[in-house]
Amino acid sequence: MAYGDTAIEAVDVRKRYRGKVALDGFDLTVEAGTVCGLLGPNGAGKTTAVRILTTLLRPDGGRVRVAGRDVLADPRAVRYRIGLVGQDTSVDEVLSGRQNLVLFGKLCHLPTAAARRRADELLERFELTGAADRSVAGYSGGMRRRLDLATSLILSPPVLFLDEPTTGLDPRTRIDVWACVKSLVGDGTTVLLTTQYLEEADQLADRIAVIDAGRVVAEGTPDELKAKVGPDRVETVTRKPTLDEVFLHLTGHRPTTEPS
Ligand SMILES: Nc1ncnc2c1ncn2[C@@H]1O[C@H](COP(=O)(O)OP(=O)(O)OP(=O)(O)O)[C@@H](O)[C@H]1O
Ligand SMILES: [Mg+2]
């Protein structure tokens with residue numbers, strides 16, 4: 001996809017699960033080569049949106065195009081052009097990291113030799129070469145996530161979907177995963193990632209779409225959105241909260257009149 005093309009376009013997408021509304025007029029446009037952060041709380045509709053955009057779920061209404069193809073009319077073509085890292089890990093626990101990657105390569109119809117070569121490249125890129133022949137059951141959460149990312153990149157897809165890539169990871173591992181995502185973007189991959197963390201969207205995304213109750217309620221660059229929320233704010237937590245201690249801490253002197 002060329003820079004300036006639209007990589008992901010969803011227009012008025014609707015989805016109900018047995019009468020319960022999950023997406024309610026969801027609209028989103030993501031330019032090629034950019035990272036979009038879909039930010040929202042539990043149950044907002046993030047996974048539903050990702051499943052529809054990646055052909056795994058049919059919407060009840062609306063239009064969806066990904067990588068230049070219509071998701072409903074041409075799901076096969078879309079599948080060849082996307083990668084998906086789901087909210088739950090998709091790798092096999094019993095197999096080693098290398099075996100997982102070779103298996104996924106073959107599932108993508110690569111000949112065995114090419115699947116092995118690609119596995120080696122991806123193990124190297126995600127710093128898993130040392131653990132390549134160990135069973136995934138012994139991997140840390142961060143190693144599993146890196147392997148998940150690697151499996152989604154076997155065919156070097158131009159559009160990548162990451163559903164909550166760092167939920168449940170410790171802060172250091174989260175930074176490792178962020179670095180992996182940043183390196184992908186350097187390659188020109190378009191990324192849609194969902195997250196519940198403003199900080200994560202702020203770190204990674206060119207634009208953020210805030211989703212709530214199945215629709216996008218705000219959209220813009222991280223700076224535009226932060227400006228809308230208001231100026232900087234200082235929150236102070238004290239163990240023994242007295243107002244003049246807080247005042248002293250913030251200003252360096254005691255208040256002149258006793259607070260009532
Ligand atoms: N298979 C299903 N059957 C019934 N309701 C569902 C199903 N999947 C999701 N829902 C409901 O649809 C709404 C949107 O769910 P979704 O999983 O898309 O949210 P989410 O933003 O991904 O949340 P989370 O941050 O918890 O992953 C929620 O109210 C959820 O309970
Ligand atoms: Mg979800």
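**Ground rules**

I count residues from 1 along each chain as its sequence is written, letter chains from A and number ligands from 1 in the order in which they are written. Since the model is predicted, I take local features only at pLDDT of at least 70 and side-chain atom pairs only at pLDDT 80 or more, while totals for chains, interfaces and linings use all residues; side-chain values use heavy atoms, with hydrogens and water left out.

**Entry 1**

I began with the strands. Helices (H or I, at least four residues) and strands (E, at least two) are DSSP runs, numbered from the N terminus. Two strands pair if DSSP finds at least two bridges between them.

In what order do the four strands of the open sheet stand? I read E2-E1-E4-E5, with antiparallel pairing. E2 and E5 are at the edges with a single partner strand each, so one side of each has no neighbour in the sheet.

I then went through the pairs. E1 and E2 run antiparallel and are joined by nine bridges; Thr6 stands opposite Glu31 in E2. Their hairpin has two residues between the strands, and there I found Arg18 with a positive phi near 40 degrees.

Strand E1 (residues 6–17) is also joined to strand E4 (residues 61–66), by five bridges and again antiparallel. Here Ala10 stands opposite Val64, and Val11 has Arg63 as its bridge partner.

From E4 I moved on to strand E5 (residues 69–70), which pairs with E4 in the antiparallel sense over two bridges. I noted Arg65 with Asp70 as its bridge partner, and Val66 with Arg69. This hairpin has two residues between its strands too, and Ala67 takes a positive phi near 50 degrees.

Which strands does helix H1 lie across? I found E1, E2 and E4, with H1 running at about 120 degrees to E1. For such angles, axes are lines fitted to C-alpha atoms, for helices over the stretch in contact, and the angles run from 0 to 180 degrees between N-to-C directions. Contact means heavy atoms within 4.5 Å.

**Entry 2: around ligand 1**

Next I looked up the ligand. A residue is near a molecule if one of its heavy atoms lies within 4 Å of it. There are 14 residues around ligand 1, and Asn42, Gly43, Lys46, Thr47 and Thr48 come nearest.

Which element gives the most to this shell? I found that H1 does, with three residues. Strand E2 (20–31) and helix H1 (46–53) each supply at least two.

By class I noted four nonpolar, seven polar and three charged residues. Ala, Val, Leu, Ile, Met, Phe, Trp, Tyr, Cys and Pro count as nonpolar, Asp, Glu, Lys and Arg as charged, and the others, Gly among them, as polar.

I also checked distances from side-chain atoms to oxygen atoms of the ligand. A polar side-chain atom of Thr48 lies 2.5 Å from one, an N or O atom of the Lys20 side chain is 2.8 Å from one, and for Gln196 the value is 3.2 Å. Taken alone ligand 1 exposes 630 Å², and the protein buries 69% of that. These areas come from the Shrake-Rupley method with a 1.4 Å probe.

**Entry 3: the six-stranded sheet**

Last, I turned to the other open sheet, whose six strands follow the order E6-E7-E8-E3-E9-E10 with mixed pairing. Its edge strands are E6 (82–85) and E10 (215–220), each pairing on one side only. The twist averages 15 degrees from one strand to the next.

Strand E9 (residues 207–212) and E10 run antiparallel, joined by five bridges, and Val210 stands opposite Ala218 in E10. Helix H8 (residues 222–229) lies across E9 and E10, at about 105 degrees to E10.

Terms used:
A polar contact is a pair of N or O atoms within 3.5 Å; within protein, one must be able to donate a hydrogen and the other to accept it, and residues adjacent in sequence count only if both atoms are side-chain atoms.
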